[in-house]
Amino acid sequence: MKAGDLIRVQYRDFGLGTLTEPLHGIIYETPDMGPQCVWKMWCIERGQTHIISPSKDKIEVINEANIGD
């Protein structure tokens, strides 16, 4: 995953052990952008920033960005 990718994410509901409904967003920050950076996306459905965790959340890249190509 990289900045600009369109993704679908489902968060793990730790209380129930299930996944949330899918949400869609654009990745705009990644950990390799600097020491204070984490995985962040702009959520299309909710119109807000979400922090995502590739090790915990179910994430699918729908469309890869072609930034810099």
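Keep in mind that the model is predicted.

Strand β5 covers residues 40-43, and strand β6 covers residues 48-51. The two pair in the antiparallel sense over 4 bridges.

Next, the patch. Trp42 lies in β5. Together with Ile26, Tyr28 and Ile44, Trp42 forms a nonpolar patch on the surface, with about 380 Å² of accessible area in total. Trp42 counts as partly exposed because its relative accessibility is 41%, between the limits of 20% and 50%.

Now the salt bridges. The count is 5. Glu60 and Arg8 meet at 2.7 Å, N to O. Glu60 is in strand β7 and Arg8 in strand β1, so this pair links distant parts of the chain, 52 residues apart. Arg46 forms a salt bridge with Glu21, with the closest N and O atoms 3.0 Å apart. Arg46 lies in the loop between β5 and β6, and Glu21 in the loop between β3 and β4, so the pair ties together parts that are 25 residues apart in sequence.

Which residue does Lys40 meet in a salt bridge? The partner is Glu29, at 3.9 Å, N to O. Lys40 lies in β5 and Glu29 in β4, so the pair ties together parts 11 residues apart in sequence. Lys40 is partly exposed at 23%, whereas Glu29, at 14%, counts as buried. Finally, salt bridges that share partners join Lys2, Asp5 and Glu64 into one network.

How values were computed:
Residues numbered from 1 in each chain as written. Predicted model: local features only at pLDDT ≥ 70, side-chain atom pairs only at ≥ 80, totals over all residues. Heavy atoms only, no water. Patch = residues over 30% accessible without salt bridge, like charges linked within 9 Å, V, L, I, M, F, W, Y side chains within 5 Å. Areas by Shrake-Rupley, 256 points an atom, 1.4 Å probe, with all protein chains shown as cover. Salt bridge = Lys/Arg side-chain N within 4 Å of Asp/Glu carboxyl O. Buried < 20%, exposed > 50% of the residue type's maximum accessible area, 1.4 Å probe, protein only. Pairing = 2+ DSSP bridges.
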